[in-house]
Each structure stands twice: as structure tokens, then as C-alpha cells.
Amino acid sequence: MKGIALVGAVDRLLERFEVQRVGGTSAGAIVAALIAAGYSREELRDAMGELRYDLVPDPVLPVPVLGELTGLLTSSGLYRGDYVQDWVAEKLAAKDVHTFAQLPLHPDDGRDPGLAGDRAYRLVVTATDITHGRALRLPWDCRETFGRDPAEQSVAEAVRMSLSIPFFFRPVRITTWRGAVSVVDGGVSSNFPVEMFDRQDGIRPRWPTLGAGIIPDLPAATSSLIPGLPRSLPGFLGVLQATITTAVVGHDQTYLAEPRNAARVFCADTSSVGVVDFGIDARRRAALVVEGERAADEFLDRWNWGEYLERFYPR
């Protein structure tokens with residue numbers, strides 16, 4: 001639910017910039033997929049406003065508590081996650097986007113040579129392969145992990161993988177020739193992989209990579225990332241809670257604190273809602289959008305691409 005703030009943040013960014021590539025994790029994967037498919041600022045707002053958040057938790061059985069328990073025991077997730085995947089598929093189909101084959105990078109002789117073959121796509125969403133214990137960047141890692149041609153990977157399924165909150169949604173299981181692979185939320189391995197779009201060939205970037213975040217730094221992230229738990233627990237439970245949260249966000253916090261990254265990202269205040277507060281009303285959803293707009297406006301007021309280049313990529 002914190003991802004609603006991204007609608008406001010992205011709206012402000014799209015007012016100033018043309019997007020070449022876009023990536024996202026979890027809720028951010030939904031917004032990123034719509035942008036990559038060609039949704040305009042107005043269309044993005046309308047589409048996200050149409051999402052029935054109350055239907056996102058879709059139990060296996062339409063019976064309170066029993067439905068959730070059945071899902072948890074039979075498929076390791078309280079909810080199926082089918083509604084949100086079908087919704088994303090429908091919105092992408094409206095732009096004639098079904099697989100990553102419809103999202104190729106535009107021909108560009110000056111781009112990083114590493115962005116070829118399996119990486120030549122406008123969209124990247126992150127997920128976590130818990131079978132092999134590794135982060136996934138989809139569709140980049142489809143061939144190695146799933147034995148699939150990245151062009152044939154369903155975009156909606158990739159988004160569903162990215163937002164598979166452990167135990168809340170059932171993991172996505174992909175059958176490969178080597179066995180089954182279980183995939184969960186990209187935030188388990190990295191909530192904010194802004195560096196994946198940085199050039200790797202040593203050439204000065206031609207345009208900025210900007211990041212909009214919604215997860216606060218520790219200790220506030222603890223209650224945001226682990227639904228239902230208080231901000232702090234006593235004794236060894238508190239240590240366990242802090243350790244798990246640090247494992248999830250520690251890597252991101254470390255590299256986002258580096259000056260080169262801190263200067264190009266911003267975070268919206270989403271403390272008013274939890275990750276799975278799907279029952280919030282329209283007023284609180286609208287307030288989240290406003291928080292995203294405010295965070296982006298404050299960032300853009302101080303952002304200067306020329307100064308950034310001179311500071312971090314001097315000639």
C-alpha cells in the first residue's frame with residue numbers, strides 16, 4: 001500500500017523527464033510496468049485509482065480465517081495473488097503488452113554495450129529466488145534461472161513475482177528442467193536497486209538515473225516491513241526482528257548512503273500506512289499520492305544534472 005505514493009512521485013518526474021528505462025520492486029514493479037508499457041501521467045493516475053485494493057488479498061476459500069489458513073498450509077501464503085496479477089495483465093494488454101518482447105530497448109548506438117541480448121528491455125523488475133538464495137532481475141535472469149527466453153516471459157507474471165510478500169502471498173513456483181524454483185518479493189533481496197541502470201563501460205552517463213523510494217531507514221523500517229509486529233520487541237525477539245529487517249534493508253541503506261546515490265534518490269513519507277493496510281479509505285490513499293508529489297517536488301527543486309555530472313563524473 002505504501003506504493004500508492006509512487007503514483008504522485010512518478011507523476012512529477014514524468015512532467016520533467018522522458019523515461020528510457022524503468023525498474024521497480026514489489027509495488028514499484030506495478031507502477032514501473034505501466035510506465036514501460038506507455039501509460040501517460042493521466043493514464044497512470046486513472047489506472048492506479050481503479051485498482052480494487054480491497055480485492056488484492058484473495059484467499060483460497062471465500063471463508064474468513066479458514067480461507068487464509070488453508071492458503072498458508074497448502075501453498076505457504078495467506079492469499080493467492082491472482083487478482084493483482086490479472087489486473088496488471090489487463091492493464092498491460094490495453095497497451096498491447098503481454099511479454100517482454102513488446103518492451104524492447106529502442107535502437108541506440110551510444111548505449112552501454114552490456115545492454116544487449118537478454119538485457120535489451122525497457123523494464124526490469126526485481127524478485128528473489130529463495131530456492132537458490134539469490135536476487136533476480138527480470139527478464140535479465142530468466143534464461144539462467146527458469147530456462148526461458150526473456151522475450152517470452154509474461155510481464156504480469158514477473159510483476160507478480162516481485163510483489164510476493166513472504167507468507168502473505170503464495171510464492172510463485174516455476175518448474176524448470178533442473179527442478180522447481182520458488183520466487184518471492186524482490187524486497188527480500190533489495191528494495192531499491194537503483195544501481196542496476198548505471199553504465200558499466202566506464203563512459204560518462206548521458207542522462208540521470210533517479211530513484212523514488214517508499215521504505216524508511218531503520219529503525220522505522222521494522223514496523224513497515226514486517227506486518228503486524230510492533231516497532232520493537234523485548235529481548236532476543238527484538239534482536240531477531242532487527243536482524244531480519246537489517247538483512248532485508250541493510251544493503252540498500254549502505255549503498256543509498258553513498259554520496260553518488262544519495263544525491264539522486266528521494267523517499268516519500270509513507271509512515272501513515274503499513275505494507276498490507278489494504279482497507280484504507282480513498283482519503284488516506286489520496287494523502288499518500290500527495291506525499292509522493294511533495295517528496296518529488298522537494299527533490300526536483302534541488303536537482304541539477306549538470307552539477308551532479310561535474311561532482312561525480314568530472315571530465
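I begin with a contact between a charge and a ring: the charged end of Lys95 sits over the ring of Tyr39, 5.2 Å from its centre. The criterion is that NZ of Lys or CZ of Arg lies within 6 Å of the ring centre and within 35 degrees of the ring normal.

The model is predicted, so local features need pLDDT of at least 70 and side-chain atom pairs count only at pLDDT 80 or more, whereas totals for chains, interfaces and linings use all residues. Residues are numbered from 1 along each chain as its sequence is written, and side-chain values use heavy atoms, with hydrogens and water left out.

In outline, the protein has 12 helices and 9 strands; these are DSSP runs, helices being H or I of at least four residues and strands E of at least two, numbered from the N terminus. Of its 315 residues, 48% count as buried. Buried means under 20% relative accessible area, exposed over 50%, and partly exposed in between, with a 1.4 Å probe and protein chains only. Among contacts (heavy atoms within 4.5 Å) with a separation of 6 or more, 67% join residues 24 or more positions apart.

I turn to the aromatic residues. A pair of aromatic rings is described by the distance of the centres and the angle of the planes. Rings of Phe, Tyr and Trp (its six-membered ring) pair if their centres lie within 6.5 Å; planes under 30 degrees apart count as stacked, over 60 as edge-to-face and the rest as tilted. By this rule there are 11 aromatic pairs. One of them, Phe299 with Trp303, is stacked, at 5.6 Å centre to centre and 25 degrees between the planes. Trp303 and Trp305 are also stacked, because their ring centres are 6.2 Å apart and their planes lie at 25 degrees. Trp303 is buried, with a relative accessible area of 10%, while Trp305 is partly exposed at 22%. Phe266, Phe299, Trp303, Trp305, Tyr308, Phe312 and Tyr313 form one aromatic cluster.

Next, a pair of helices. Helix 5 (residues 82-93) and helix 7 (residues 155-162) pack at about 145 degrees, with their axes 9 Å apart. Here the axes are lines fitted to C-alpha atoms over the stretch in contact, and angles run from 0 to 180 degrees between N-to-C directions. Helix 5 contributes Gln85, Val88, Ala89 and Leu92 to the contact, and helix 7 contributes Val155, Ala156, Glu157, Val159 and Arg160.

Val155 also touches Leu123, a residue of strand 3 (residues 123-129). Leu123 counts as buried because its relative accessibility is 0%. Its other contacts, not counting residues up to four places away in sequence, include Leu138 and Pro139. The peptide bond from Leu138 to Pro139 is cis, with omega near 15 degrees. Pro139 itself is in the loop between strand 4 (134-138) and helix 6 (142-146).

That leads to the backbone exceptions. Most residues other than glycine have a negative phi, and most peptide bonds are trans. Val65 has a positive phi of about 70 degrees; Val65 lies in the loop between helix 3 (41-50) and helix 4 (66-75) and, at 56% relative accessibility, counts as exposed. Phe167, in strand 5 (residues 167-169), has a positive phi near 75 degrees. Phe167 is likewise exposed, at 59% relative accessibility.
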